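Q: I'm new to this structure and would like a close look at one part of it. Could you take me through a single helix, end to end?

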Amino acid sequence: MQPTPEATREALLKLLALAAGPGLSDDKGTEIVNDQIERCIERTKAEASEGAALVDACAPHGKAMLTQAQKRLEQLQAVKTLEIVARENFGVL
């Protein structure tokens, strides 16, 4: 079975939804995949920054928030890598 651009896009969107978590990815899938990934990365960076500020303020949940955001950023970077490979093969998805 050869992957099609449509199947590849759907697979990337599913991975993005898993990596980003509820509320961060575009459920409609109308945006370009790379733009969705970048938006999720920016939101997660903001969340990490907020977590770091809470750690600095000695808030008890700050460390957990920061750790979760860092893990999500790693996952989003992995999805971004796959999107780059897919874009090289199929063009903008």
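**A closer look at helix 1**

A: Let's start with length: helix 1 covers residues 5–20, and its 16 residues, at 1.5 Å a residue, should span 22 Å, which agrees with the 22 Å between its end C-alpha atoms. (The expected span is 1.5 Å times one less than the number of residues; helices are DSSP runs of H or I, at least four residues, numbered from the N terminus.) Bear in mind that this is a predicted model, where local features need pLDDT of at least 70, side-chain atom pairs count only at pLDDT 80 or more, and totals for chains, interfaces and linings use all residues. Residues are numbered from 1 along each chain as its sequence is written, and side-chain values use heavy atoms, leaving out hydrogens and water.

Now for the sides. Thr 8, Arg 9, Leu 12, Leu 13, Leu 16, Ala 19 and Ala 20 of helix 1 are buried (under 20% relative accessible area, with a 1.4 Å probe and protein chains only; exposed is over 50%, partly exposed in between). They cover an arc of only 135° around the axis, so they sit on the same side of helix 1; the arc is that of the directions from the helix axis to the C-beta atoms. As a rule, an α-helix has 3.6 residues a turn, so residues three or four places apart point the same way.

What covers this buried side includes helix 2 (33–56) and helix 3, with contact meaning heavy atoms within 4.5 Å. On the face turned away from it, helix 1 carries the exposed residues Glu 6, Lys 14 and Leu 18.

And past the end? Helix 1 is followed by Gly 21, whose phi is positive, near 85°.

Key:
Helices (H or I, at least four residues) and strands (E, at least two) are DSSP runs, numbered from the N terminus.
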